[in-house]
Amino acid sequence: MTEKQFEAFENFRISFKKETERWSTMAKELPLLQARTALDGGVPSYPVENPIVYNTALDSITKDDEIRLLIIGDNPGKEEQLSINQKYLVGLAGKIGEKFFREHPELAVDFRRNAIILNKTPVHSAKTAMLYKIAKSNPENAALIQESQVWMAEATARLHNALCREALEQNLYVPQLWLVGYGELKPKGIFSQYTLTLKNTSDYWDRIKVYQHFSMNRFTIDLGEWQKNHPENTLIQNLESLGEYHKNKLI
């Protein structure tokens, strides 16, 4: 990263950590609700150790790292919230994403070194759909989920803006931003506000693509079907067109 890019990243990282600490103080009763919601949804009991999860992988990013991609998942799951992890996309979905990039070196992206991995909200739930029940439990939780995704969308867009602006000025690779988790970004989805906020804050909407989530192999299956229908295109061309296709269906 250039000096300006790293400064923008550091400002984001510090602000994000402070916000997760602040939100954590607002969520004293959240762990019990998260655990109960998981059990009611058929998820075996597990310890809820971090109801609001900061991605500690951000602390390992240095100025020497080349950031080529921002990957935005949904929200921290069971593995992500454990104190031994506190990192995003480290469960099965993350392994699928990591494998995809490893098998396609033409994309020139190391999933753990060239990508900033974020979520639409740092509020944990065993499954993303369970956020609906958590939000409906009381007005405070609903406000927390809403506020956190608006903050994340604005802050992520500003970070992406800064990275892209400097890359264009210095004639460097202009990083893309991938929103993975197409379903909940739709108008009635739990992350619909994230979509609107990101679009309204982004100066580089053309560098933003939308895909199915890595979980349950949906990203790979969806891309495979697209490639089957567009065999004349390269992988990179199909990724571009598929990402635009899903994005254009959101707004």
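## Core and sheet of a predicted model

Beyond its neighbours within four places in sequence, Ile71 is in contact (heavy atoms within 4.5 Å) with Leu89, Phe101, Phe111, Ala115, Ile116, Ile117, Leu118, Trp178, Val180 and Phe214. The model is predicted, so local features need pLDDT of at least 70 and side-chain atom pairs count only at pLDDT 80 or more, while totals for chains, interfaces and linings use all residues. Residues are numbered from 1 along each chain as its sequence is written, and side-chain values use heavy atoms, without hydrogens and water.

Ile71, Phe101, Ile116 and Phe214 have the most contacts inside the largest nonpolar core, which has 69 residues. Such a core is a set of buried Ala, Val, Leu, Ile, Met, Phe, Trp, Tyr and Cys residues joined through side-chain atoms within 4.5 Å; buried means under 20% relative accessible area with a 1.4 Å probe, protein chains only. Helix α6 (residues 139-169) gives the largest share of this core, 10 residues. Ala38, Val43, Tyr46 and Val48 are among the 6 residues of a second, separate core.

An open sheet is formed by 4 strands with parallel pairing, in the order β2-β1-β3-β4. Strands are DSSP runs of E, at least two residues, and helices runs of H or I, at least four; two strands pair if DSSP finds at least two bridges between them.

| Edge strand | Residues |
|---|---|
| β2 | 115-119 |
| β4 | 208-211 |

Each edge strand pairs on one side only. The twist averages 20° from one strand to the next. Strand β1 (residues 69-73) runs parallel to β2 and is joined to β2 by 5 bridges, with Gly73 opposite Asn119. Helix α7 (residues 192-201) packs on the sheet and touches β1, β2, β3 (176-180) and β4. The direction of α7 makes about 165° with that of β3, where axes are lines fitted to C-alpha atoms, for helices over the stretch in contact, and angles run from 0 to 180 degrees between N-to-C directions.

Technical notes: Buried < 20%, exposed > 50% of the residue type's maximum accessible area, 1.4 Å probe, protein only.
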